[in-house]
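Open the model in your viewer and keep the sequence panel beside it. Each stop below gives a selection and what to look for there.

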Amino acid sequence: AYDATPYLPKRGGLPAHRRAAAECRGCPLFENATRTVFGKGASTARIVLVGEQPGDQEDKQGEPFVGPAGRLLDKALAESGIDRKTTYVTNAVKHFKFALAEGSKRRIHKAPDLHELTACRPWLLAELHLVGPDVVVALGATAGKALLGQSFRVTKDRGTLIPLPDLDAGRHGSEDRNEGEEPYVVATLHPSAVLRSDDREAAYAGLVSDLEVAARALR
Ligand code: URA
Ligand code: SF4
């Protein structure tokens, strides 16, 4: 099965993990993407935001949420009283999956499948261990499934504090871990879903109010 585990460093903090992730070949997505897009932010962040996977701009620039979805996310964070500089932002899958549009060079986003999501999850779990946040915000269904399992549904599970299940019992050493209580997960819409929504204003207001739930859960 596809699995990033052999590529994870046995020890070291976020910088060591970022360097190792750049060489990951745990699933086939590294073949066509430009680079690994690892998470970005402080290891002391109290909120971790998890998206789906890098998009076209993120793949080119090497940082998460720097394209159109990122601009919307920045605005929603500011409106909910969260400073992006105090967060750690990452994705459930670290390589851009795409198909080329017929007769053009345009790269069309494709959702990662369960094999790719499962393969890449050790990176996400390592980031969560190393940062040790109070709250993890799942942006959309892919992040929700990576954190809460396959029965996750955005419509049913969004906007409430859900204790993060122990998805990696025994997989990762405890020595580098930020001590503290288990974080909560708050799920919400993906910013790209807001951009595509027929009722963009209502979808955006929903994103902001879910982020406010996360902001209130800070300890
Ligand atoms: N969409 C995501 O899920 N993540 C990004 O980093 C950019 C767009
Ligand atoms: Fe490794 Fe994840 Fe990239 Fe697959 S998507 S090669 S598991 S970093």
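**Stop 1: two helices**

Select L117, R121 and L124 in α4; they meet T142, K145 and A146 in α5. Contact here puts C-beta atoms, placed from the backbone, within 7 Å. Helices are DSSP runs of H or I with at least four residues, strands are E runs of at least two, and both are numbered from the N terminus. By class, this contact has three nonpolar, one polar and two charged residues. Ala, Val, Leu, Ile, Met, Phe, Trp, Tyr, Cys and Pro count as nonpolar, Asp, Glu, Lys and Arg as charged, and the others, Gly among them, as polar.

This is a predicted model: local features need pLDDT of at least 70, side-chain atom pairs count only at pLDDT 80 or more, and totals for chains, interfaces and linings use all residues. Residues are numbered from 1 along each chain as its sequence is written, while chains are lettered from A and ligands numbered from 1 in the order in which they are written.

**Stop 2: around α5**

Select α5. Eight of its eight residues are buried, so α5 is largely enclosed by the rest of the structure. Buried means 20 or more other C-beta atoms within 10 Å of a residue's own, exposed 12 or fewer, and partly exposed in between, with C-beta atoms placed from the backbone. The cover includes β2 (47–51), α4 and β6 (135–139).

**Stop 3: G13**

G13 lies in the segment before α1 (14–21). With 13 C-beta neighbours inside 10 Å, G13 counts as partly exposed.
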